[in-house]
Amino acid sequence: MAVSGFLALWAWLAPGLAFLILSLVVPLRRSGKPAAWLSIVVSLAALVAAVVAAWHARVPDVARRMLWEWIPVEDGVLTSVGVLVTAEATLMLILVALVSFLVQVYSLGYLADEPPASLGRYYTYQSLFTFSMMGLVLAPNFVQLFICWELVGLCSYLLIGYWYQRPEAARAAVKAFWITKAGDVFFLIGIVMLWSRTGTFDFAELFELVQGGGEALAGLGLVTFFIYLGAAGKSAQFPFHVWLPDAMEGPTPVSALIHAATMVTAGVYLLFRTAFLFEQTPDVLAAVGWIGAFTALLAATLACVQSDIKRVLAYSTVSQLGYMMAAIGAGFAGAGFLHLLTHGVFKALLFLAAGAVIHAVGTNDIHAMGGLARRMPQTFIVFLVGTLSLAGIPLFAGFFSKEEILSAAWAGGLTVPFGMLVLAAFLTAFYMFRVVFIAFLGAPAVASAGHGGHGEAHAHDAPAIMALPLWILAALAMGIGIWFSIAHPEAEFVPPAWLTPLAVGVAVAGIAFAWLVYGLRAISGDRLFERFWWIGEAAMERFWLDDLFALVYRRVILGASRSIGWVDRYIVDGILNVLSAWTLTAGDRLRRIQTGQAQDYVYGVALGVLLLMVWMRWPK
Amino acid sequence: MTLQAYLTLAAMLFCIGLFGVITRRNTIGILLGIELMLNAVNINLVAFARFLGDVSGMVFTVFTICITVAEVALGLALVILIFRIRRTAVADHLDLLKG
Amino acid sequence: MSIEPIAFWGLAVVLLASSLAVVLTRNLFHSVLYLALSLTATAGVFLSLDAEFLAAVQLLLYAGGVVTIAVFAIVVTERLVGDRITQTSRQILTGFILSGALLVALLAVFRRGPLTVPRPVVTGDLTRAIGQSLLTTYVLPFELLGVLFLAALVGALYFARPDD
């Protein structure tokens, strides 16, 4: 078990080393391809280390801790840095390392047209992200977790705004940063409140404290709620989900890595890691579950009306994150975590496949695509694998974890959320196959080729460097699915007998409905839109949430900034300017003492002597 | 007479000299006032030397007299030089040091 | 009634009166003459303090030399300007107040200290004592005084040079 600690440490620090080298050695970074290879090789080494660490740490419920004291205070140490290695942590580590490695390899092909300096910058950020995310996963206490949390948010900002010359990308990056920051403020408050109550940041110590019970835990509800708010921001729960679709302005590999598999799952992972705290506050957990299920349903409806393929996937990610949170809210964090792992695999796959399509066709609009299955068969196959996983069809990875979540919701007693989740499952299958039918099957679109790409007429499969990660992920998705079907892990509960058929049936129904509408064109999509116009219209406006946030930002935040700026300029600076004007005037007046006539100076001397004599002799 | 009497005399002389320095417009008049002040100092020194039995007070007086003589000589030479250039001896007009 | 108090008071009156005349007279030339009178009275005061040598030095250097120089300066400047320079004074009231205040302060000092010391008996020749002191204890300042005079001489020569 000790080996796992060191291996985890190495897996964590190696990308950090790559980041340092790339950021400090400027010629290496500017050279582009060599920087990329450095980052890729290091992430491969981290992956190997993570796998071996996971093998050594596979005994559940045993934790390995390595700490170094960091901030000393009067009696003892305030907080430490280090690693806390559990079986689940190493699994997450593998996910991060694997997806990071595959995405970096993929990016070499996707961003092949970038100037070398930009490419170097990209891989520097990628290394920093991998380092930060692993630090978050392995964090033994809240402080290190929060620091890595913020670092990960920073990398998200940097990578979303990678093409910073585009104003939409810059805006999206700022938006993501702002909204997650709002959650982070509450997170920080929660951490500090927890520390003021218990005196420690450390997870292991807190666990002991909770097991022992006691009065220190009174009022924990507010603390866990604040911590949840931080997770809600990062994991795009309603109403904080608005930043994730806009984050698609970044390059597609970035979306695959950060906004599908790793960063957005940090919130889920946080709740999973601190589940022992949340167990003490069932009300907060119920809220988590309800909000999660609602987010799942909301995002699913929004995904049905998107024409941008990446936005469909983005809303799908929000929806699946809602699923994970719902499972945690039901009290079965393990189910949520399992879905996190499987979702990470197939969502990354879907994004990378979408990236291959975008790279080939030159546009994100699914209505400008069509018949791609014939021209890009390999991409079609892997996309289909991902889609079937997402829809929850047996033999694919997502089926088992999704079913676990549904059973968890049912077993946890959250019936209305359960219903929402079932409806969301139907919609999930529907909107994913909508994309399949419109973009891959069916007739090619009449629309002209997009700019920058080869055009639909010349669409072809991705080059090997992009295809290889796709195949690896697809194989993994299928492999996990088959493995779970044969020897699935012990569930903490037994699902009711009718659950599995319900889940499968709902998914199949969704696929069939999509086929009817978009495949056979038996039901008109437009008529459907009119029937449900009240949802459809609202969905098109994204339920006006973005507008609300923009309003708050412009009016409240910028307004406050402007008024504070006014105070600074006119009052603070004004006082200083008045003081300096007075000083200048006083100096001007005082210089009249210098008359230039010696007799006046003698006058002054005599006066001084007189005063001195009076002062010396003044009776005490 | 008592020491106090001499000292009082010297103090009065000093203040009269000071009055002259402050109020006179002509530069030479100012120098005359300075002379009076130095005179007062000399009386002081000699009185103390006599009443305390220490002769070094008188030696000091010799020094001050000599230095005063040198100073007056050169001071008046300067006044004459300034006359040549500025055509005025009124101290109020010599205000190049005005700040 | 010994002669000493009478002599002192007489000298004091002459001294103070002539000093006041120095600072108050309008005519500069008259000022210088009154100065000469006051310097002579000072020499008398020195005599009353048994400092004969100093009285002689005072008469020679001050009443003789300084007054002569001042007269020459007035004559030269008066000629330069062309007419008699009349004296006017400035800020008389404030000057008076200041000097008066200083005088009051000084007198207040004298009240405090034990200054009614009896005059000690003169032992030996004061002039001899001064001479010995000058050449033994205070020989360094004495020599420096020579240097000072040299500097003053050179300076005066420089001032007196003809315009080139």
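Start with chain C, which averages a pLDDT of 83, with 87% of its residues scoring at least 70; pLDDT is the predictor's confidence in each residue, from 0 to 100. This is a predicted model, in which local features need pLDDT of at least 70, side-chain atom pairs count only at pLDDT 80 or more, and totals for chains, interfaces and linings use all residues. Residues are numbered from 1 along each chain as its sequence is written, while chains are lettered from A and ligands numbered from 1 in the order in which they are written. The model scores ipTM 0.88 and pTM 0.67.

**Stop 1: chain C**

Colour chain C by secondary structure: there are 6 helices and 0 strands. Helices (H or I, at least four residues) and strands (E, at least two) are DSSP runs, numbered from the N terminus. Along the sequence the pattern is α-α-α-α-α-α. Of the 164 residues in chain C, 23% are buried. A residue is buried if 20 or more other C-beta atoms lie within 10 Å of its own, exposed if 12 or fewer, and partly exposed in between, with C-beta atoms placed from the backbone. Among contacts in chain C with a separation of 6 or more, 54% are between residues 24 or more positions apart. Two residues are in contact if their C-beta atoms, placed from the backbone, lie within 7 Å.

**Stop 2**

Select A43(C), in helix 2 (residues 28–48) of chain C. Is A43(C) buried or exposed? A43(C) is buried, because 21 other C-beta atoms lie within 10 Å. Leaving out residues up to four places away in sequence, A43(C) touches A55(C), Q58(C), L59(C) and A63(C). For a distance check, pick the C-alpha atoms of A43(C) and L60(C): the two residues are 17 apart in sequence and 10.0 Å apart in space.

Now select V45(C), also found in helix 2 of chain C. V45(C) counts as buried because it has 27 C-beta neighbours inside 10 Å. Which residues does V45(C) touch, not counting those up to four places away in sequence? They are I43(B), L11(C) and L15(C).

**Stop 3: chain B and its side toward chain C**

Show chain B, which has 3 helices and 0 strands, running α-α-α from the N terminus on. Buried residues make up 54% of the 99 residues in chain B. For contacts in chain B between residues at least 6 apart in sequence, 46% join residues at least 24 apart.

Next select the interface with chain C, where 57 residues of chain B are in contact with 72 residues of chain C. On the chain B side, the elements giving two or more residues are helix 1, helix 2 (27–52) and helix 3 (56–86). Helix 3 of chain B supplies the largest share, 21 residues. By type, this side of chain B divides into 41 nonpolar, 12 polar and 4 charged residues. Here Ala, Val, Leu, Ile, Met, Phe, Trp, Tyr, Cys and Pro count as nonpolar, Asp, Glu, Lys and Arg as charged, and the others, Gly among them, as polar.

**Stop 4: chain B against chain A**

Switch to the interface with chain A: 11 residues of chain B are in contact with 10 residues of chain A. The largest share of the chain B side, 3 residues, comes from helix 1 (residues 3–23) of chain B. That side divides into 7 nonpolar, 1 polar and 3 charged residues.

**Stop 5: the cores**

A nonpolar core is a set of buried Ala, Val, Leu, Ile, Met, Phe, Trp, Tyr and Cys residues joined through C-beta atoms within 7 Å. The largest has 210 residues, and those touching the most other members include A11(A), L93(A), A327(A) and A409(A). Helix 16 (residues 333–361) of chain A gives the most to this core, with 19 residues. A second, separate core of 66 residues includes I30(B), V23(C), Y34(C) and L102(C).

**Stop 6: helix 7 of chain A**

Finish on helix 7 (residues 167–198) of chain A. Its 32 residues should span 46 Å at 1.5 Å a residue, and its end C-alpha atoms are 46 Å apart, which agrees; the expected span is 1.5 Å times one less than the number of residues. The buried residues of helix 7 include K175(A), T180(A), G183(A) and F187(A). They pack against helix 6 (142–160), helix 9 (220–234), helix 10 (243–246) and helix 25 (545–590) of chain A. Helix 7 is followed by G199(A), whose phi is positive, near 80°.
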